[in-house]
Structures are given as C-alpha cells and as structure tokens.
Amino acid sequence: MWHFAISVFLIELYGHNLLLTAVFGLVVAGSVLLLGALIGDWVDRNPRNKVAHASLFIQNTSVTVCSIVLMLVFSYKQRIEQIWDGWLTVVCYTVVIILADVANLASTALTIAIQRDWIVVITGYNRGHLAGMNATMRRIDQVTNILAPLAVGQVMTLASNVVGCGFILGWNLVSLIVEFFFLSRVYRIVPALSVKPPTVEADQVYLETIQRSESQGEDSDEERTEDNGSVQLKNGTTMPLCFRKFQWLVSTCKDGWRAYYRQPVFLAGMGLAFLYTTVLGFDCITTGYAYTQGISGSLLSLLMGVSAITGLMGTMMFTRLRKTYGLINTGIISSCLHLGCLLLCVCSVFAPGSPMDLSLLGPYFTSNSSAEPGELASQRQKHTYPMMGGNNQPLLPDRSSIHWTNNTLLFENVPNGTAPESYISIILLFLGVITARIGLWSFDLTVTQLLQETICESERGVVNGVQSSMNYLMDLLHFIMVISAPQPEHFGILVIISVLFITTGHTMYFVYAHKAKRKRRLDT
C-alpha cells in the first residue's frame, strides 16, 4: 500500500508534477546503492530476532510518522505555504522523503533477513522445500501487489487523500503488532534461528591502521576491553573518532563488495541485476507510453491483472522445472523463454503503428535540418497524441487533462477522430511484456535460490545487501535512459536498449551455468 500511495501523494503535493516523485526515486535508489553493504553487514552481525524486530519497528514507525505528516500537509497546505515564505513546505517535503527513504531501507533489511536468511534455516537447508517456499513467498508478493493498491486506491478515490493517509497509518499500526507476534512465534518454533555463526570481532582494516600509527612512534594508550564477545579499541591517536568510524564504514563497504565479487554465483547475480535496466514492465514509464498510444485506463488495468497472472504462472513453472531438470537448467530454460517473448517487443518497434521516428534524434547529432517547423510538428504527432505544455512535459500526463471514453484516452484539444494508424505495434509490445513475465519470475527465483544455497551463512546478509545495491544501480540506469530520450517517439529505442541489457544479463548467467556444470563434471 505504501509503495503505491507515496508516489500518488507526492504527485498531489507538488501540483500534479512528477518532480517530487523523481527526487524520491533518486534518493531511494541512491541510499540503497550506498548503504546496501552496510545494511547486509548489520544483518550478519546481529541476532536474527533483533534484526527482524528492529527492521519491522523502524519500517512501520517511519510509515506511520510520514502518514501523520502528510495528513497535516494535506489538511493545512495553504497555511503552511504562507509560513517562512513557503520554506516550511520545502521542509515538509524533505521530511516526507527522508521518512519514506528510512522506511525503504528498513524494508530492505527485513527482506534480506527473512527472504534470504530465515527461509533457508526454516527449510532445514532442504533444496526442494526451499524452492517451494521461495515460490510461495513470491506468489504472496504478487497477490498483495495487486490487492494492496486496489484497496488503498479505492479509499483515496471514494474519500480523500487525508483519509487514505489515515487508512495506511492504522493499517501499519495493526500490522506492526501482528507481524511482530508472528515473527516471534516463528523464531521460537525454529530453534535453529537462534544459532548464528561467529562474525569477525573487529574490522581488520581498522586494526591495521592503528598498528601502522603505533609503528610510526606515536604514543598511544591502547586498552582492550571485551563486551559480549566484541573487541573494542580505545586509543589516543590523533585521528578524530568520527573519522575512524567513517573509515570503518568505508572498509565495511569495500569488504562487502569484495565478498560479492568472490562468490561463485557472482555472474548469476550480476545477470539478475542487468534485468532491472528495462522499460519493459508495468511502471509509470510504460503506462505513460500506453496512454499516448490510445490505451484506456480500464484496459490497462486489465492488462496489469493478466500480467500478474502470468507472473504467478512463472512461480509455478519454476517449481516443476527445478524438480525435473535441476536448478541451473531451470535458469537456462527461463532465460530462453524470457528472451524469446521479448522478441515480440523488438518486433513492435518496427510494426505498423509504431511511433518511432529516428529523424527526431537529428538535432542531437546535427544542426542541419531541412524540415519546416510545421512538418516537424506533424511528424512528431503522426502516431501519438500531442502533449500539452512545453517540451519538458512528463510522459505521464496530468489526469485532470484526460477525457475518458469507451475505447480511447484523449487529451484536451485533440479531435475525437485522432487515433494511431494501427494498433499492431502496441499489441505486440504488451503481448511480449505480459508473456515474458513467466520466464522473468522463474529466472528471478532461480538466481534467488542459487544465492541462498551458495553463499555461506556468515556472509549471507552482506552479499545480498550488495545484490540489492546492484539492482538499484541498474534500475537508476533505466531512468537515466528515459530522461535522455523522453518522447514517445524515442520509446522504440529504449525498448531495443532494454533488450540488449537483458540479453547481456542472461549471457552472464549462461557463462555461470557453463562454469558450474564444468566444475561439477570435474568434481565427479
């Protein structure tokens, strides 16, 4: 509910503009990119129950406080805008984005702890049970990703944004109690969760730095004190404490990325991360493009529902393929299926009705243009509905300027007869996106289980934290792609680039599978 609602709330706050939403997305991706390894290291170093409870409490508390702030802003927006010459509004926006980002970081920690660590221990390291539970967890995610936005969306539509915030606030308070109780009960039922391998007692880089400073003749009073099995170093070095802590944080990040690179499944994890650089999904980018191609809101909602069903089919296919062909071969089959379906998206770029016009890229490479302004404008609007406003108008239009009809979505000042020359292109695009979900989710589950089975327990958190950082990094690239080519006429180029990234990711997995099979043959 929160992931869906926060984007809508930010758009409403900023006057139907995507700026706050873009800033929020950048902050979230950047924070996980920088802190992913530290979050994973924290998960590794602390008892499982404390990690889960702390992450759950921080996540739900942040969402609750953020909901209260949003309720106040929506209720007293005009008064707030008059205080401090409008700077109080900026402060409120900043607080909302920071709290939402903290909630996302806590959610990342909870996901790493439960779905990457607890689940392995609960299944008793049984590969068959692990595959079944991974698929079940993913099905729960798929269903809730459909039902949760529908629920909070209906509340916001029938009532108001303030009521929607209150609904999310109450839901989080109740779910905090329920989740806390369930996690505590699972922790008591499975005694193995209380057993965790020993972690490194002190950071090696930090120790080496202190030893080097001592060897240079600096007098320091060093005292070792042990508290609950951890080694704390107290010295009189000239380096301030804040710098030493910062040095420890940097070294922890470096060690995390090195541990990720050392993993046998490094190529498989990188392959999964490359799949995030794509516009071929049901996000705001694809939705905005669909609007420009005459797809109505009701039809788009139906397509999203069908897409969720094919995602569920992918989780079912994963369990059967793994049992029949093994885990590595399941990844190969899923990759081929995914790539095969995406070929339909490539065909849509060149099919009748496609708005792609490479001549629009001419100004970026040459200043020589023989086309008249009127001709250029008519070419740009040949297959798409024209946008109101300036050139910086976002791809997803303001809902207030949309007229809903039975079969098309028309913007203001557009004749009712205006329509794409052919719907073949958009049909091929969504046919490829929807069917590709089967192979995509099966492949995702394959790499997830490979990470669970291969990574040693003491590094499970930090390696999965770095994996989350890589996923967000590649996701950032796809937003940069859209910023570089924002017009609907450029979408075909983005589709081709996306398929190239996905092909590269699957190629990395093929290389990993080849090495893994060769090693298995040599071992036998």
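Trainee: Which residues does serine 442 contact, leaving aside its neighbours within four places in sequence?

Mentor: Serine 442 is in contact with Gly314, Met317, Phe318, Leu321, Thr330 and Ser334, where contact means heavy atoms within 4.5 Å. This is a predicted model: local features need pLDDT of at least 70, side-chain atom pairs count only at pLDDT 80 or more, and totals for chains, interfaces and linings use all residues. Residues are numbered from 1 along each chain as its sequence is written, and side-chain values use heavy atoms, with hydrogens and water left out.

Trainee: Why is serine 442 called buried?

Mentor: Buried means under 20% relative accessible area, exposed means over 50%, and partly exposed lies in between (1.4 Å probe, protein chains only). Serine 442 has 0% relative accessibility, so it counts as buried.

Trainee: What makes the bend in α16 a bend, and where is it?

Mentor: The bend at a residue is the angle between axes fitted to the seven residues ending there and the seven starting there. At arginine 437 in α16 that angle is about 35 degrees.

Trainee: How do you know what span to expect for helix α9?

Mentor: The expected span is 1.5 Å times one less than the number of residues. The 22 residues of α9 (241–262) should therefore span 32 Å, and the end C-alpha atoms are 31 Å apart, which agrees. Among the buried residues of α9 are Arg244, Cys253 and Tyr260.

Trainee: What makes a set of residues a nonpolar core, and how many residues does the largest one have?

Mentor: A nonpolar core is a set of buried Ala, Val, Leu, Ile, Met, Phe, Trp, Tyr and Cys residues joined through side-chain atoms within 4.5 Å. The largest has 61 residues, and Leu280, Leu429 and Tyr509 have the most contacts inside it. Its largest share, 11 residues, comes from α16 (residues 424–454). Apart from it lies another core of 28 residues, including Trp2 and Phe24.

Trainee: What does leucine 280 touch beyond four places in sequence?

Mentor: Its contacts are Leu342, Cys345, Leu429, Val433, Val495, Ser498 and Val499.

Trainee: Why is tyrosine 125 called partly exposed?

Mentor: Its relative accessibility is 46%, so it counts as partly exposed. Tyrosine 125 is in the loop between α5 (87–122) and α6 (127–158).

Trainee: What is the phi of tyrosine 125?

Mentor: Phi of tyrosine 125 is near 60 degrees, a positive value in a residue other than glycine. Most residues other than glycine have a negative phi.

Trainee: How are α10 and α17 packed, and in which handedness do they cross?

Mentor: Axes are lines fitted to C-alpha atoms, for helices over the stretch in contact, and angles run from 0 to 180 degrees between N-to-C directions. Helix α10 (266–274) and helix α17 (460–484) pack at about 35 degrees, with axes 8 Å apart. A crossing is left-handed if the near helix is turned anticlockwise from the far one by less than a right angle, and right-handed if clockwise. α10 passes α17 in a right-handed crossing.

Conventions
Helices (H or I, at least four residues) and strands (E, at least two) are DSSP runs, numbered from the N terminus.
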